Amino acid sequence: MMDSTGIENQLQSWEYSEAPESTTVDIDQEHGLFIDGEFQAPSGGGSFWTINPSDEQQLSRIARADEDDVSRAVASSRAALKKWRKTRPSERAKYLYRIARRIQERARELAILETIDGGKPIKESRDIDIPLVAQHFFYHAGWCDKLRYVSGTREDPNPIGVCGQIIPWNFPLLMAAWKLAPALACGNTCVLKPAETTSLTALRLAEILQEVELPPGVVNIVTGDGTTGAALAEHGGVDKVAFTGSTEVGKRIAAACAGTKKRLTLELGGKSPNIIFADASIDQAVEGIIAGIYFNQGHVCCAGSRLFVEESILDEVVDRLEHRMQSLRVGDPLDKNTDVGAINSEMQLATINRYLNAAHTEGATMHSVNGSPLPDRGFWCSPCFFTDVHPSHTIAREEIFGPVLAIMSFRTPEEALVRANNTPYGLSAGVWTDKGSKIFEIASRLRAGVVWCNTYNKFDAASPFGGYKESGFGREGGRQGLRAYLSH
Ligand code: NAP
Ligand code: MG
């Protein structure tokens, strides 16, 4: 029998054993625009590389849609609208159901592509993103012939028309599903603009739309950069714009839509508070802090990026968080053990580094305790948190969109509330306490679209998601999300 020193020696001599997901997924060298049910060359012939942010390898050339291409796509959606809106709701449901089934069948391929193109850990794309994508289509398939219960009318309400939908890079296929599924369920047609760094899964979805024989033009996908997005948002043939992205671009889009007939919904940035009371289960709360800020490298609009801890347990929470972070694995996103993958782009890494510098200059104390060394190539940031943070510090006020947490303390529930609400944003919040009464009291007074209690970052197609204040307006998911796609 081995004594305890023997076991310890053996444990120390064990080397880390990777569990890499296979990369046997075909990636086309070049991708066209998906217009009228076919992949087409862009009229201007422009294209750009999409790369793997974990090793900077070029993956595929993506077509850049210019104004003419966007016009072609909008015209295609307009032409398809006539038939699609009259398609029997139960028939529309079958298309959505088939899309969901094909997503499930091709789930592994989609998860690998999402991870290669965007840098997120395979265990997240495999177990969270792609299953939620399928769920979103299944859920909305069920709504197609029940829309009168959304509007509360006797007859089924009408769709709005042609929807221009612009999405970000943090949950590429999931954001596409959040946009397309409700719009299609309501009988709208769509022109979707994926983010520049993460177009691959949207283009694979286009293949799925071909496979399920969705009528041409019901969904068009125009890849490109911000100018493509602007051309879509400003196009006169679009009846509704749905945008998810930064508050800065959202404000520009709102200005472009003001004074037009266009309907608009905006899902924007956040700086969400995660509040831990002294009576909470601390180990559980620490898991919630980790899930809140390090999930998807912190590239999460609703990330719990401002942590408020009741003063009496501050030291204990900091100690336990530091300890827990030592076991976070940062590295190859395709390794099934990886908890924190690559930063999505060089530009985003530069943004995060600017905030880290600001935090140092303004006097906050950094804690970065990750054990695993960062790879040499690619874009990487060790998960970290800051103490000695003042509410006026830049990292306590502005959205960083990276694995960076600002920790502050409070003494009374009232103080926690005032400080949590002291932000121009209002997307989400977390509350950790053993007392149900406190949960109701605090949750009802937090100005946030979603409040999680004793958990964080949980999503469901049936649950509406969206913001207050500068986090935007309109909801996605659930019955409330459908309203944005119906003209009552
Ligand atoms: P972003 O720069 O605003 O980009 C979002 C999308 O808009 C991308 O497809 C982008 O294209 C496009 N775009 C850029 N400039 C445009 C313009 N002038 N007109 C029209 N479209 C334009 O945001 P991001 O950096 O990709 O994403 C991060 C932000 O999204 C964060 O602030 C985050 O909080 C927010 N977000 C919010 C939610 C939510 O549900 N509330 C969810 C996820 C993310 P390019 O990629 O080519 O630049
Ligand atoms: Mg990429």
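A: Helices (H or I, at least four residues) and strands (E, at least two) are DSSP runs, numbered from the N terminus. Counted that way, the protein chain has 17 helices and 20 strands. This is a predicted model, in which local features need pLDDT of at least 70, side-chain atom pairs count only at pLDDT 80 or more, and totals for chains, interfaces and linings use all residues. Residues are numbered from 1 along each chain as its sequence is written, chains are lettered from A and ligands numbered from 1 in the order in which they are written, and side-chain values use heavy atoms, with hydrogens and water left out.

Q: Why is Thr-50 called buried, and why is Thr-197 called partly exposed?
A: Buried means under 20% relative accessible area, exposed over 50%, and partly exposed in between (1.4 Å probe, protein chains only). Thr-50 has a relative accessible area of 1%, so it is buried. Thr-197 has 25%, so it counts as partly exposed. Over the protein chain, buried residues make up 57% of the 488 residues.

Q: How do you know which atoms are the protein donors of the magnesium ion (ligand 2)?
A: Donors are N, O and S atoms within 2.8 Å of the metal (3.2 Å for Na, K and Ca); water is not among the atoms, so sites may look incomplete. Thr-50 (OG1), Ile-51 (O), Asp-117 (O), Asp-117 (OD) and Thr-197 (O) lie 2.3 to 2.7 Å from the magnesium ion (ligand 2), and these are its protein donors. The site links distant parts of the chain: Thr-50 is in strand β4 (residues 47-52), while Thr-197 is in the loop between β8 (189-193) and α8 (200-211), 147 residues apart.

Q: What makes β14 and β18 edge strands?
A: Two strands pair if DSSP finds at least two bridges between them. An open sheet of 7 strands has the order β14-β15-β16-β13-β12-β17-β18, with mixed pairing. β14 (365-367) and β18 (450-453) each have a single partner strand, so one side of each is left without a neighbour in the sheet.

Q: Why are both faces of strand β12 said to be covered?
A: In a regular strand the side chains alternate between the two faces of the sheet. In strand β12 (residues 273-276), Pro-273 and Ile-275 are buried on one side, and Asn-274 and Ile-276 are buried on the other.

Q: What makes Ser-471 buried, and which residues is it in contact with?
A: Ser-471 has 0% relative accessibility, so it counts as buried. It sits in the loop between β18 and β19 (472-473). Contact means heavy atoms within 4.5 Å. Leaving aside neighbours within four places in sequence, Ser-471 is in contact with residues including Leu-266, Gly-270, Tyr-425 and Leu-427.

Q: What is noted about phi in Glu-56 and Phe-401?
A: Most residues other than glycine have a negative phi. Glu-56 has a positive phi, near 65 degrees, and Phe-401 has a positive phi near 65 degrees. Glu-56 has a relative accessible area of 33%, so it is partly exposed; Phe-401, with 17%, is buried. Glu-56 is in the loop between β4 and β5 (57-63), and Phe-401 is in the loop between α14 (394-397) and β16.
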